[in-house]
Amino acid sequence: MTIFKLPQWGEKIAKKKWNRTLVWLLRVALGCTFMFSGLTKAIDPWGGFYKFAEYCNVYGFESLGSASLGLSFALAALEFMLGVFVLTGAFRRGAPVLLIGMMAVMLPITLDLAFTDRVPHCGCFGDALVISNWASFWKNVALTAGLVYLTFFNRRVHGIYGPAVNWVVGVISFTFVASVAYNGYFKQPLVDFSPYHVGSQLGVSASADGDAADMVFVYKKDGEEKEFSLDSVPDEEDGWEFVERHYKKGKEPNDSSATQPLAIYDNGVEVTEDVLPDTGKVVMFLFPDLRGVNISYSFDLNEIYAHATEQGYQVFSVTSSGTDDIKWWNDISMAAYHTYRMDDSELKTIARGNPAVVLVENGKMVWKRTLASLDEDKVRVEGTPVAQYNSDYQRDEVMSGLVRLFLLALLLLFVLNRTHVLVRLFYRYVRKRPAPQAPAESQETENAIVEEAPKQSGNEAHNESDHSAYQPKNDDSIGENSDKE
């Protein structure tokens, strides 16, 4: 039985042929939407982690910040799996109801964001597709309406797979999305939606961009934050600590894909053009949170520094942490490389991971990886070219391979699950096929034989009757004659 009992008019609609078509159209539209949303979050779990932490800070749930990473993984997997269920017609009653429960949480949040703009964008599709808060709200309204319709009528239309193997569809979907998330978290996103992708130009400063007059720089001192223009930026030696920078209200770029210019600071002075020149080779270590870096990583960082400098690379690190954290890290890690400061959001956008390693040649990014995913045999062996540290990982090949395996697994499951249906359809098709017609000449011959057959049988009957007239009426004469002989 359905969750909501259909009224009489609903029963009439369920029997209509157009209802079946509408159900399948909704399955495709809603299923693909949730699959895309879940997949983009799985591709970049670090981005989901940062977005969840932002939500927790905005709504006063800072204590849940430590669980943001787990929530990011869970939401990505749940959205993708439920999207697959809706698309294929698996779990026809449960999947729409679970998604309605999810929408019951997201609708109020997106409505609040639409009115208040507490968060610039909801992050529904990660960085792959950035939409306004109002667009996100109306999108959720449309999704909810479609899910309500499926709640009533989805059960009346068969799915692609039989009920017995719906759980297998879930296992295949979870394995795929977990594999994508694993690569995105421990290495780098398999699809880079950030503006600082491999091949992009990094050596661009705020002052060189020409939009510096539209920027606001936020510094903190004695627990209080204050905004400054570019010309009045305070000196960090006076106790000021850089927090972030953003565009003035009303001066935001019209193009939603536009990004803030890259800027690196040393004691409040921008040094982007000096440390990221248009020519030369650079290795950057990115520390979004110095206190959160495992101290054991310092050995490999120092090894990379030593080998890279021998090969003619300039090596430095950037962080959004405060000056006290920088001093603490330099003391505990015995780092020989210099550490600069950068805006937190900008730092996290360049590469994912804490720490991450970025290789730049002639101002362009060559590769980026989390330090933990680099091969220790390459990092710790002197003489290994730094450019080859990333040679064992091709993101495009990994992503395309996972997608092919996912689709192949679903196809094999369909063949195994629906073989008896295919055989039955083939048998019905063969039975309904008309009998093959004989050639024209053989057909005429057959007709002639059929026409002659009655004539011959009649003649034979006539001859037999004539011959019987000359036959003896009994066997006595024959017996008499034989006796005479």
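## Surface patch

α5 (94–116) and α6 (133–153) each give at least two of its residues. The largest share, three residues, comes from α6. F115 lies in helix α5. Is F115 buried or exposed? F115 is exposed, at a relative accessible area of 61%. Here buried means under 20% relative accessible area, exposed means over 50%, and partly exposed lies in between (1.4 Å probe, protein chains only). Helices (H or I, at least four residues) and strands (E, at least two) are DSSP runs, numbered from the N terminus.

## Basis of the model

This is a predicted model: local features need pLDDT of at least 70, side-chain atom pairs count only at pLDDT 80 or more, and totals for chains, interfaces and linings use all residues. Residues are numbered from 1 along each chain as its sequence is written, and side-chain values use heavy atoms, with hydrogens and water left out.

## Salt bridges

Side chains of opposite charge can pair when their charged atoms come close. The cut-off for a salt bridge is a side-chain nitrogen of Lys or Arg within 4 Å of a carboxyl oxygen of Asp or Glu. How many salt bridges does a search of the whole structure find? The count is 11. One of them joins the side chains of K368 and D192, at 2.7 Å from N to O. This pair links distant parts of the chain. K368 sits in strand β10 (residues 364–370), while D192 sits in the loop between α7 (166–186) and α8 (206–209), 176 residues apart. K368 counts as buried, at 6% relative accessibility.

R380 and D300 also meet through their side chains in a salt bridge (2.7 Å, N to O). Here too, distant parts of the chain are linked. R380 is in the loop between α13 (376–379) and α14 (395–432), and D300 is in helix α10 (residues 297–310), 80 residues apart. R380 is partly exposed, with a relative accessible area of 38%. D300 counts as buried, at 9%. R380 also forms a salt bridge with E376, where the closest N and O atoms are 3.7 Å apart. E376 counts as partly exposed, at 43% relative accessibility. Elsewhere, salt bridges that share partners join D44, D127 and R352 into one network.

## Cysteines

The structure holds one disulfide. The cut-off is a pair of cysteine sulfur atoms within 2.5 Å. Which cysteines form the disulfide? C122 and C124 do, with their sulfur atoms 2.2 Å apart. The link of C122 and C124 is left-handed, with -130 degrees about the S-S bond. C122 is buried, at a relative accessible area of 7%. C124 is buried as well, at 9%.

C32 is partly exposed, at 39%. C56 is buried, at 7%.

## Aromatic rings

A pair of aromatic rings is described by the distance of the centres and the angle of the planes. Rings of Phe, Tyr and Trp (its six-membered ring) pair if their centres lie within 6.5 Å; planes under 30 degrees apart count as stacked, over 60 as edge-to-face and the rest as tilted. By this rule there are 24 aromatic pairs. Among them are F285 and Y337, with ring centres 5.1 Å apart and planes at 80 degrees, so the pair is edge-to-face. F285 lies in strand β6 (residues 281–287) and Y337 in the loop between α11 (323–333) and β8 (338–342), so the pair ties together parts that are 52 residues apart in sequence. Both F285 and Y337 are buried. W46, F49, Y50, F73, Y182, Y185 and F186 form one aromatic cluster.

## Charges over rings

A charge sits over a ring if NZ of Lys or CZ of Arg is within 6 Å of the ring centre and within 35 degrees of the ring normal. The charged end of K281 sits over the ring of Y313, 4.5 Å from its centre. R291 lies over the face of W328, 4.4 Å from the ring centre.

## A loop position

N267 is in the loop between β4 (264–266) and β5 (269–270). N267 is partly exposed, at 41% relative accessible area. The C-alpha atoms of N267 and Y340 are separated by 8.1 Å, and the two residues are 73 residues apart along the chain.
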